Amino acid sequence: MVPDVQELYRQMARMRRFEEKLAELWNRGLISGEMHLGVGEEAVAAGVLAHLEEDDAMALDHRSTPPLVGRGVNMESLLLEMMGHPDGLCGGRGGHMHLFSKERLAASSGIVGSSAPLACGFALAARQLRPGKVAVAFFGEGAANQGMLLESFNLAVAWNLPVVFVCKDNRWAITTRSRSVTGGCLLRRARSFGLRAFRVDGTRVERVWATAGKAVGRARAGRGPGFILASCPRMEGHFLGDPMLRVFREPVRQTLEIGPPLARALLSRPLAALPARALHMGIIGKALATLGVEKYVLERDPLRRAAALLSEETRRRIEDEASREVEEAARAALAAVEGR
Amino acid sequence: MPEMTFAQAIDYALGEAMAADERVITLGEDVAMLRRELLVRFGPSRVLQAPISEAAFLAAGVGAAMAGLRPVVEIMMVDFIAVALDALLNQATKVRAFSGGKWNVPLVVRAACGGGYGDAGQHEQCLWGLLSGMPGISVLVPSNPADAAGLMLSAIQCDEPVVFLEHKLLSDYWLDYLGRGGRETVSFDVPEAGARGEVPKPPAPVPIGKAKKAREGRDIAMFGLGVSLHRCLEAAQELEKDGISAEVVDLRSACPLDREMILSSASRTGRVLVVDEDYAGYGLSGEVAALLSEEGLKVDFARVCAEEVVPYARSLEDEVLPNRRRIREAALRLCGGSA
Ligand SMILES: Cc1ncc(C[n+]2csc(CCOP(=O)(O)OP(=O)(O)O)c2C)c(N)n1
Ligand SMILES: [Mg+2]
């Protein structure tokens, strides 16, 4: 089997264009609250979704738009939902962290780690009501320290559920470097529960596709649950307007805001152990430096990598189509919002 | 007295407590950034970064408190406490009782709460009613910087489990992270008197369970806390134009309740309106009604609370959370008029 790279790229471009539109609307103040984008996760979403059939289920986290777009949820209704319109996917009541599509058996949640047990339940129902169907859970590497998620690993193995756990490892949980609060290795952790575990470069859609094919295929055949650890970049920070990224994007303003209180803390009484305090300051500096290097030096965009597999002409055609689709949905959604 | 933001006041009190007592530590997700000034002062062994493992690190806080520390455990948003409820419900609040009074748990749980910025009801709940339902716990909800500092200090000094809730409309950094994101295209109804104000230096402890009269009035007593307190004050001004003199009491804690102050305001005005951003059923407002009834006080009673899951859309959210219009209408109904 070889991947249909054109189709994979088409899905990735749709996801990216859609989220670029979300960022634009958010900046215009038309979307409220925390807006977490899945920009950088498109190859993981597209590579896994390519193996899903009708009646397969998805449990999603706070970056749920790429999988929903990839699964064919109507873009206009998603946009209306994000803008809090009554004709939105959930009547404007859920918003971007709580998107539900009953038709597509897709549910998202803002509670970190909750997608895993939900997917186990979806898988349990599938086994009884829709044999041959599977459930997929998407979550981040930070979620892999959440108790209910680890309990779900065991549950899935104990009950031999047709579920695939997809961990999108972007190395960060908000401002925390996940490695600094995580023991051992997630792949071995999953294996020790008895899960069939795979590691893949989540910026290479063709590789995600191949890996997900194995994991989903096994689950579908009733041969047991799987775990995929897919590394990917966090290209837009934790959420839009991420204060850590703002340090790079508006350095003067941020330094003026953050600097003086830190300096006061450095010098506040009782004035013991100044060198130790300087060392503590270094912890903050190091986190920022790591983020900066990853974002501005090492970042690998999955779309660029996928595009490199296509001819220039094909790439452009696919992108134009995606842009057109998103623009049309946005125009209709904005007309509805403004017409209210 | 120096002026501080609500958020600065809390961290100021926490910092003073940490400087005075090395048993005081703070831990939670992202504290290296959120409490970076404390990290610089006290280092990573007392400002501890936690993984996203609330059930474990909150329960570890219980153990640490039993064994001599005075931990301030941060649950980023009170909604997330759901995954860690055992630590409070079956551990922290049981130790004193089960040990025959011989062992106690000086634990502080600090969490952001409340809505008004369009994040929907998985991140915008108050939950102080749910939490107050556990015997042996205190749940503090300050409405201004001075009380925030004073109550944080008292919480740390308290020998029993205390939940300290920090409303996100009052805490500028939370509102910026979660609501504004650096944008100038969005706006929020922030009660200025709650978000910034004078704080005594050194911070003065505010006794737990003591309400404060925020406004004198004759016709009706309105009880609120957190942001709802400010909504009461705003509504009270409008009611003045309607010829109604409203008393406003800042409960300052959902638990324990200041029975004395509640009874005196209620009996003097004969009309009680509880304004509570938490859910209407099985919570603070019902508790106030029960208290009045137990004391045999016959008053006209009403409540303005969250009646359903907080919806995402800002316009819907504004109607679900207590607002000036709903408060005024309820007060007018109680006073026999109509809006
Ligand atoms: C139970 C719970 N704890 C904390 C949070 C706050 N929170 C939201 S996203 C996030 C980081 C999640 O990290 P990860 O799972 O790696 O996903 P990423 O954001 O990196 O995609 C945290 C701590 C939450 N929503 N739910
Ligand atoms: Mg992550």
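Which residues come nearest to ligand 1? They are His62(A), Arg63(A), Gly110(A), Trp172(A) and Glu54(B), out of 21 residues around the ligand (near: a heavy atom within 4 Å).

This is a predicted model, where local features need pLDDT of at least 70, side-chain atom pairs need pLDDT 80 or more, and totals for chains, interfaces and linings use all residues. Residues are numbered from 1 along each chain, chains are lettered from A and ligands numbered from 1 as written, and side-chain values use heavy atoms, without hydrogens and water.

**The ligand site**

Chains A and B both surround ligand 1, so the site is shared between chains. The table gives N or O pairs within 3.5 Å, the cut-off for a polar contact.

| Residue atom | Ligand 1 atom | Distance |
|---|---|---|
| Arg63(A), polar side-chain atom | oxygen | 2.6 Å |
| Gly142(A), backbone N or O atom | oxygen | 2.8 Å |
| Glu54(B), polar side-chain atom | nitrogen | 2.5 Å |

The protein covers 98% of the 580 Å² of accessible area that ligand 1 has on its own (Shrake-Rupley method, 1.4 Å probe).

**The interface**

Here 45 residues of chain B are in contact with 55 residues of chain A (heavy atoms within 4.5 Å). The two chains bury about 3,900 Å² between them, 59% of it on carbon and sulfur atoms. Buried area is the accessible area (1.4 Å probe) lost when two parts are put together, summed over both. In chain B, Val40(B), Ile52(B) and Tyr312(B) lose the most area to chain A, together 20% of what that side buries.

Two salt bridges cross this interface (side-chain nitrogen of Lys or Arg within 4 Å of a carboxyl oxygen of Asp or Glu). Asp176(B) forms a salt bridge with Arg246(A), with the closest N and O atoms 3.1 Å apart.

Note on methods: Polar contact = N/O pair within 3.5 Å; in protein donor to acceptor, adjacent residues only side chain to side chain.
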